[in-house]
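This report describes selected local features of one protein model and its ligand. Please consult the sequence and coordinates shown below while reading.

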Amino acid sequence: MPNPPKSVSVRVPGKINLHLGIGGVRPDGYHELVTVFHAVDLVDEVVATRAAPGAGLSLRVLDAELRADEQGSALTGVPADHRNLAWQAAALVARHAGVPADARLELCKRIPVAGGMAGGSADAAGALLACARLWQLPFDLPTLTDLAAQIGSDVAFPLLGGTAVGTGRGEVLSPVPSPAPLHWVLAVSPTGLSTSAVYAELDRLRASGAAPAPLGPPDALLVALAAGGSHDIAANLGNDLQVAAVSMAPQLADTLASGLRLGALAGVVSGSGPTCAFLCADAASASAVAAGLAAGGSCRAAAAVRGSAAGAQVLPC
Ligand code: C5P
């Protein structure tokens, strides 16, 4: 076996949901869903570094400007301890392999925190891969995706990347051919939304008859994705959680309207929000929509990104 690496860096993408159809509540409390995940090139970086035997796990969280958040949450809103999904992923890899969980983890966060882009799940996916490589474990992709599903509903997808249909509670994945690059603008909100609170709000709206009819299956979207035309893809974006996210954060209605006014083909809340994703006809339109949204003040920041992006990748040393 080659010398063990001192450290392993993994780049892992954020996701948006092109379709998110939410069904009923299951006996385990989760909602049955059908979604189309789409990875975008807004990435976090996860670094796992060797630690002395018996040192255990430690975690440092850096924001996009590489400012450290040693204590946990003041800067990024992300806990730097066992509550972090990346920490839980490292512990699970060690337990599964029967090796000591000795490693220093570092997360460099660019994916918005509590933004509906599965940033915490992406970090967990990155930590699974980084620790498996650091500890020289012969884990293949199916093993990693099994472990991912034990951590959270959205953890398996960032390992795969691309575009994929997710069923079950989101963890059962079937890749679909990714179309030609799509041009998106992400509008990031000043504050986050709790995923479980947004699901609960949808249940409340449905119980009171205030939610629209649930989305049907994403057949038309899948046909449009296979053909690759942005206008047809735009016409078939949909998210059952959007009504709940807008109910909890009404300013999102302004953000969605602004993106359309600025020339986006369509806009949709990503996952449980509050990040909004706008599909644009081309790169020039995406730059203009991002600049207009950033200047307009209805969101904290706006960035042009592309999809679909690759799944978790180990970076060369
Ligand atoms: O699986 P994960 O921990 O990411 O889910 C966060 C929360 O989102 C769950 O605790 C649950 O409240 C809600 N959820 C759900 N149904 C799903 C996925 C998530 O109700 N399919």
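## Ala156

Where is the place of Ala156? This is a predicted model, and in it Ala156 belongs to the loop that lies between α3 (141-151) and α4 (157-160). The relative accessibility of Ala156 is 2%, so the residue counts as buried, the cut-off for that class being under 20%.

With residues up to four places away in sequence not counted, Ala156 touches Thr145, Ala148, Glu171 and Leu173. Between Ala156 and Ala114 the C-alpha to C-alpha distance is 18 Å, and the two are 42 residues apart in sequence.

## Helix α2

Helix α2 comprises 16 residues, 119-134. The expectation rests on 1.5 Å times one less than the number of residues.

Of the 16 residues of α2, 14 are buried, so the helix is largely enclosed by the rest of the structure. Gln136 follows α2 and has a positive phi, near 55°.

## Thr49 in strand β2

Thr49 is located in strand β2, which covers residues 31-50. Its relative accessible area is 19%; because buried means under 20%, Thr49 is placed in the buried class.

Neighbours within four places in sequence left aside, the contacts of Thr49 are Lys6, Ser7, Ala103, Arg104 and Leu134.

In which sense do strands β9 and β10 pair? Strand β9 (residues 266-269) and strand β10 (residues 276-280) are antiparallel, with 4 bridges between them. Within this pairing, Ala266 has Leu279 of β10 opposite.

The two strands form a hairpin in which 6 residues lie between β9 and β10. Gly271, in the turn, has a positive phi of about 55°.

## Ligand surroundings

Around the ligand are Gly29, Tyr30, His31, Leu33, Gly152, Ser153, Arg169, Thr195, Ser196 and Tyr199. Arg169 contributes a backbone N or O atom, which lies 3.1 Å from a nitrogen atom of the ligand.

On its own the ligand has 460 Å² of accessible area, of which the protein covers 74%.

Key
Residues are numbered from 1 along each chain as its sequence is written. This is a predicted model: local features need pLDDT of at least 70, side-chain atom pairs count only at pLDDT 80 or more; totals for chains, interfaces and linings use all residues. Side-chain values use heavy atoms; hydrogens and water are left out. Buried means under 20% relative accessible area, exposed over 50%, partly exposed in between (1.4 Å probe, protein chains only). Contact means heavy atoms within 4.5 Å. Two strands pair if DSSP finds at least two bridges between them. A residue is near a molecule or strand if one of its heavy atoms lies within 4 Å of it. A polar contact is a pair of N or O atoms within 3.5 Å; within protein, one must be able to donate a hydrogen and the other to accept it, and residues adjacent in sequence count only if both atoms are side-chain atoms. Accessible areas come from the Shrake-Rupley method with a 1.4 Å probe; for residues, only the protein chains shown count as cover.
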